[in-house]
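Let's take a friendly walk through a protein model, stopping at a few spots worth a look. Have the sequence and the 3D view open as you read.

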Amino acid sequence: MSKVQYKKENNLHIIKITGKSRLIPIVRDGEELFSETVKRAQSNAKLTVCINGCWYGLTNSGKSDALLGHDPVPSVDTLNEGFALLGTGVISGHSAPNMFYIAQKIDYTWFMGQGDLTKNQGYYTGIGGLCPLVFKGLKYGDGNLYSKELKNSKLTGEPLPAHKSFLIQRNNNRYAALSRLDNRTGRGGIGFTPTADVVIITQENGVGSGAFDTFRDTFIKNGCTNACAVDGSDSVFLWYDGKFQFMAGDNKDETQTFGIGVRAEVK
């Protein structure tokens with residue numbers, strides 16, 4: 001039986017599920033506020049926690065619609081950077097080969113990978129278009145860092161083959177951009193430990209105080225060797241303990257179509 005723990009630490013909402021849990025992407029198809037999609041998905045699948053998903057853009061029509069009052073933008077006008085794979089086998093979204101994904105097999109095994117999530121990888125569910133925080137135990141951050149000084153070492157991009165064993169942080173451009181935002185910017189992410197415990201951490205937009213590196217390191221402190229960040233700022237929301245702890249901004253609620261749900265398995 002799974003155990004769910006919640007704590008708040010320096011404006012970070014930290015939820016840890018010990019034991020089996022199921023990854024269930026939330027996908028809006030149609031025209032309704034995403035908060036309503038989340039409520040229905042949570043009720044139908046008995047989800048323990050829900051957060052937002054990947055980065056996305058809008059068609060010109062979607063941009064115009066989003067500016068005209070608080071009403072939902074049709075889902076076809078949202079252009080997600082990454083794919084969502086449902087347990088039905090349905091996959092939707094758009095290619096984002098430079099991003100990362102979190103996925104799960106039917107036997108509850110968790111995976112993280114780089115590139116596009118596809119249907120032929122043997123996964124049961126998954127969500128792509130995410131920013132790496134830590135991958136296979138290696139920190140990601142703003143610039144490549146090495147355990148010692150190395151001649152001609154690369155500060156960005158692929159490290160030289162002879163230098164890879166000394167790498168202690170791998171550069172990622174999306175991470176670098178996020179780390180330069182105001183510390184009060186909303187943040188969210190999901191990670192998992194070697195024993196398949198799942199950690200979800202969020203920070204409400206406008207209330208933060210810590211650096212983005214601190215956000216990343218909180219996953220590591222909670223045992224994660226793999227973790228990804230979701231779209232930040234006022235895209236971030238958190239559903240937990242039967243309600244929204246905080247919601248996404250109005251325009252994001254109108255335009256979001258991908259989210260992440262996790263259910264702690266009670267049997």
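## A pair to start with

Which side chain meets that of E81 in a salt bridge? The partner is R174, with 3.3 Å from N to O. Keep in mind that this is a predicted model, so every value here is computed from it.

To find the two ends, look for E81 in the loop between strand 6 (78–80) and strand 7 (82–85), and for R174 in helix 3 (residues 173–179). They sit 93 residues apart, so this pair links distant parts of the chain. How open are they to the outside? E81 is partly exposed because its relative accessibility is 29%, and R174 counts as partly exposed too, at 24%.

Side chains of opposite charge can pair when their charged atoms come close. How many salt bridges does a search of the whole structure find? The answer is 13. One of them joins K221 to E9, where the closest N and O atoms are 2.6 Å apart. K221 counts as exposed, because its relative accessibility is 57%, and the cut-off for exposed is over 50%.

Another pair is E32 with R40, whose side chains meet at 2.6 Å, N to O. E32 is partly exposed, with a relative accessible area of 21%. R40 is partly exposed as well, and its figure is 42%.

Some salt bridges share partners. Follow these and you'll see K139, D213, R216 and D217 joined into one network.

## Empty spaces inside

Rolling a probe the size of a water molecule over the atoms shows where empty space is left. In this model the count comes to two cavities of 30 Å³ or more. The largest cavity has a volume of about 60 Å³. Its lining is made up of L178, L181, T185, G186, R187, G188, F212, F215, A229, V230 and G232. Which elements give two or more residues to that lining? They are strand 15 (187–192) and helix 4 (212–221). Sorted by class, the lining of the largest cavity has six nonpolar residues, four polar ones and one charged.

The second largest cavity comes in at about 40 Å³. Around this one you'll find F34, S35, V38, F237, F244, M247, A248, D253 and Q256. Helix 1 (residues 34–45) gives the most to this lining, with three residues. By class, the second largest cavity is lined by six nonpolar, two polar and one charged residues.

Now head for S2, in the segment before strand 1. Is S2 buried or exposed? S2 is buried, because its relative accessible area is 13%, and buried means under 20%.

A polar atom of the S2 side chain lies 2.4 Å from the backbone oxygen of K20. A polar atom of that side chain also lies 3.0 Å from the backbone oxygen of E265. Setting aside neighbours within four places in sequence, S2 is in contact with I17, T18, G19, K20, A264 and E265.

## Two backbone turns to check

Last stop: two loop residues with positive phi values. What is phi of N11? It is near 70°, a positive value in a residue other than glycine. N11 is found in the loop between strand 1 and strand 2 (12–18). It counts as partly exposed, because its relative accessibility is 27%.

D241 has a phi near 60°, again positive in a residue other than glycine. Look for D241 in the loop between strand 18 (238–240) and strand 19 (243–246). At 55% relative accessibility, D241 counts as exposed.

Note on methods: Residues numbered from 1 in each chain as written. Predicted model: local features only at pLDDT ≥ 70, side-chain atom pairs only at ≥ 80, totals over all residues. Heavy atoms only, no water. 1 Å grid on protein atoms, 1.4 Å probe; cavity = no way out; pocket = protein on both sides within 12 Å on 5 of 7 lines; lining within 4 Å. Points joined across faces, edges and corners; volume = space filled by probe spheres on them. Helix = DSSP H or I, 4+ residues; strand = E, 2+ residues; numbered from the N terminus. Nonpolar A, V, L, I, M, F, W, Y, C, P; charged D, E, K, R; others polar. Salt bridge = Lys/Arg side-chain N within 4 Å of Asp/Glu carboxyl O. Buried < 20%, exposed > 50% of the residue type's maximum accessible area, 1.4 Å probe, protein only. Polar contact = N/O pair within 3.5 Å; in protein donor to acceptor, adjacent residues only side chain to side chain. Contact = heavy atoms within 4.5 Å.
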